[in-house]
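Please look at the structure first.

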Amino acid sequence: MSEKITGLTVSQLSRLLQKKSLSSAEVVDSYLEQIEACDPEIQAYITITAETARKQAARVDRLRAEGLELPPLAGIPAGIKDNICTRGINTTCASKMLENFVPPYDASVMEKLEANHVVVMGKLNMDEFAMGSTTENSHFKKTRNPRNPACVPGGSSGGSAAAVAADEAAFALGSDTGGSIRQPASFCGVVGMKPTYGTVSRYGLIAFASSLDQIGPLTKDVRDSALVLGAITGQDHRDSTSVPHPVNDFTSEIEKGVEGFRIALPKEYFSEGISPDIKNAVLNAAMQYEKLGAQVDEVSLPSLRYALPAYYVISSAEASSNLARFDGVKYGYRAEGYEDIDELYRMTRSEGFGKEVKRRIMLGSFVLSAGYYDAYYKKALQVRTLIVNDLNAVFDKYDFILSPVSPTTAYKLGEKTGNPLEMYLGDIFTVPINIAGVPSLSIPCGESTEGLPIGMQLVGKAFDEATLYRAAYAFEQSMKECTASEKGGRS
Amino acid sequence: MASTINNYEMVIGLEVHVELKTATKIFCSCPTTFGAEPNTQCCPVCMGMPGTLPVLNEQVVNYAVIAGLATNCQIAHFSKEDRKNYFYPDLPKAYQISQYDLPLCQNGYIDIEAGNDTKKHIGITRIHIEEDAGKLVHSDGKGTFIDCNRCGVPLIEIVSEPDIRSAEEAGAYLRKLRAIILYTGISDCKMNEGSMRCDVNLSVRKKGEKAFGTRTEMKNLNSFQFITKAIEYEFQRQVEAVESGEAIVQETRRFDQNTGKTYSMRRKEDANDYRYFPDPDLAPIRISAEMLQGLKARIPVLPDQRKREYVERFGLTSYASEQITSQKEIADYFEAVVRKTDYPALAASLIQTEVMRLLPQDAVDIPISTDNFARLAQLAGEDRINSSTCKKVLNMLWEKDQDPVELVQKEGLGQINDKEALREYAVQVVTEQPKLVSDFKKGKTAVLQAMVGQVMKKTSGKGNPVIIQELLTELIQ
């Protein structure tokens, strides 16, 4: 084979596996080799489950040899963000608090993956409890950006994005509360999808902010993303916030193009603070869409300026309550040398949580406390309604919104750790989407002058992931043609 | 002091927690059976393991709505669940899922009867659903253990208006509330198993004053007796404090069963800020008109309806009816007896006095068949036995259920209604007690009862007291 196995997309691998030109065991071995070669530098994995991966692969090969027809994802190696519970496998949330936590149950998405015979390669690094934008808040390690190891991979699903970009997993699952799939996808040059809230069951996802969290795929290309999302979508009776999705195959209309589509370009997303490279790349993409037959208009989303504060109020409030259960009583880390129960709580939580997590817990406790609730939490919920209304008004006329993912490309490790507020500002384009609960996809659209990937964000109507995939696929194909013709022109 | 205390009145509001009799817990499918081995009825969800999510048991909503309908509440069309955040080892998630500002039921009332002919309307502020916490088991030398079996057992909290003015009224309210809930079948309300628990909010004020005083809260009182004692002690304590110029502090107080006193537990300023907010894991609760209609149809005949019927049909006093209807099983028993005797009022009085005295707290099983009970009422009603014999026979039937007619015959307990047979004993007493006779003649008519008692004694309690009195009057005059 001319191309490396680990360089193939999920759909390419799937075809070869189905044709039996490749065995799952071979695929898994290639990936384990790749992990062995790359991960000492990239540091994407917290836990590598080589043994169980080999067993799963052997089982898939056996089933295939028996003539069973298997789903497209059967035998495909995947990495899982370490806040998704895996039965019998450490699930740490990259926190000292859960360093030795082994869940006795699988998250619903893990059951879905198992039903699809996906091979789990291990658990991926992240910002502690998914709080952060660089994966530097992990208690265990700092993941590097495969496109430039001096840079951060983004976060909080930095391990997931890096693993896919470094070919250490054919795809990965991440979670997105305010951009945690899309921003690292854009930093690492891969495709990241945050589905509509309620699409993928949250059962077994260790909650950061329950009303915002969604699990989604990080993949090498758009088709892979559609394939994986299809496999993990579905209402779950164990998650009251999950709903039946009208679509179960996101690939069926992916090739239909964007002719006649109306695309909204919100001007607030292109104002000062954004790097010129990114602005140009996204505007070029808009022009590309026009060439493909879509109509692009500038629109205004005035409520977006309130989204960031509203997001930090809502997400921190929920987090302060969600993380209260980590008290050293039942599971996870427990401090030593306490005198009474209050000291047990205090010492355990002081020692077990990192700085950023404590910052959010304090912020969240403050905004919910008596006398402040109305001014902060209640106000933030009102902003939420405004944002939903603003977006709905746009979606009355437009098929999707096009914007940058992040105001910057990947930056150097340590560059922003001293200034949390500046770090928070990096979420400005992604958080409104979680607040509104609508789907959003991040796809590479160019490179900066330093050669770092730039991502653009496609935002759709609730449950209209299919349109986003169709638009993203059309763009991806046109980029491929451009690259091909450039190459052709040069040679 | 006695006179000072009479210048004051107590103002009481009650918060009652009732455990619902659902098969499974409020947010998971664990069973709710009482008394199981520790930590055998729990799962990742009710133990608050990371990543788990609650799913509301619909039956809990249905039961709470039934409780609201049975207590004349308005039922919310739109309701939600909120998180009450606080750290305690028996609370695995470190928050309790409860309801804050949109409870399922609001603005209800129940009618009580505290003594003879003192009817009163007690307002119900709200009824909301919530999950129970676990249980801490303290073991000397070995530390504290946590039993999570009770985590997530469904509760309703019923909050009354501050309409209660005495320990008797508090008792009457609780008995009535308990009766209503037992009739609906949504809980077994066993105070000794903790399936009905009561917090008392109490303040005092001078009679005639409109403003409320500062209140204290006494938590988790689990018997009618303790509730009465706690109220009486706390009332006196607060009046004494006010009289001596001390301010009442808003606080939680603990009632000590051994001393009968209340002790300060927690001051308001130390109280938790619970940081209530809507639980984002749970969808809002919507109750459709259709659903409400269906639940209304499930409300059985309630105590007050039966009570009215007993007064009208059987001529019982309102108070006796209240007592008998306070437990559905007892009212059912009474109705079965009434179908077999001509003396319903007599049967009612026997149940209200003797049977209620013989039954242990919370028990409802009467070990006498309704046939035999009806026969007993018939015997007494037809004057074939007198009232003291009747009580004696009832106690004998309680020990061993049997036909009272045969028993009376066998034991020779039948009433002597023959005037001539009784005359001999009456003459004896008149001869033996000249002092009583002369006292009577001087106008001390009360001594007649003493003389009746003497004659009764000579008949081994079998004489008809009415005839004996007649005889004595004749003989003396």
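Helices (H or I, at least four residues) and strands (E, at least two) are DSSP runs, numbered from the N terminus. This is a predicted model, in which local features need pLDDT of at least 70 and side-chain atom pairs count only at pLDDT 80 or more, while totals for chains, interfaces and linings use all residues. Residues are numbered from 1 along each chain as its sequence is written, chains are lettered from A and ligands numbered from 1 in the order in which they are written, and side-chain values use heavy atoms, with hydrogens and water left out.

Begin with the contact between the chains. The size of an interface is often given as the accessible area lost when the parts come together. Here the area buried between chain B and chain A is about 2,600 Å², and carbon and sulfur atoms give 60% of it; buried area is the accessible area (1.4 Å probe) that two parts lose on being put together, summed over both. Chain B supplies 30 residues to the contact and chain A supplies 38 residues, where contact means heavy atoms within 4.5 Å. Between the two chains there is 1 salt bridge, a salt bridge being a side-chain nitrogen of Lys or Arg within 4 Å of a carboxyl oxygen of Asp or Glu. Arg202(A) and Asp281(B) form a salt bridge through their side chains, at 3.1 Å from N to O. On the side of chain B that touches chain A, strand 4 (82–85) and strand 15 (277–278) of chain B are the elements that give two or more residues. By class, this side has 21 nonpolar, 4 polar and 5 charged residues. In that count Ala, Val, Leu, Ile, Met, Phe, Trp, Tyr, Cys and Pro are nonpolar, Asp, Glu, Lys and Arg are charged, and the others, Gly among them, are polar.

Lys176(B) sits in helix 3 (residues 167–184) of chain B and Asp304(B) in helix 6 (residues 303–314) of chain B, so the pair ties together parts that are 128 residues apart in sequence.

Some backbone details remain. Most residues other than glycine have a negative phi, and most peptide bonds are trans. The bond from Gly155(A) to Ser156(A) is cis, with omega near 10°, and Ser156(A) lies in the loop between strand 3 (119–124) and helix 5 (158–165) of chain A. In chain B, Asn107(B) is not a glycine, yet has a positive phi of about 55°; Asn107(B) belongs to strand 6 (residues 105–113) of chain B. Arg275(B), also a residue other than glycine, has a positive phi near 45°. Where is Arg275(B) placed? Arg275(B) is in the loop between strand 14 (261–267) and strand 15 of chain B.

Gly189(A) occupies the loop between helix 6 (182–188) and strand 5 (191–194) of chain A. Apart from its neighbours within four places in sequence, Gly189(A) is in contact with Arg147(A), Pro444(A) and Pro453(A).
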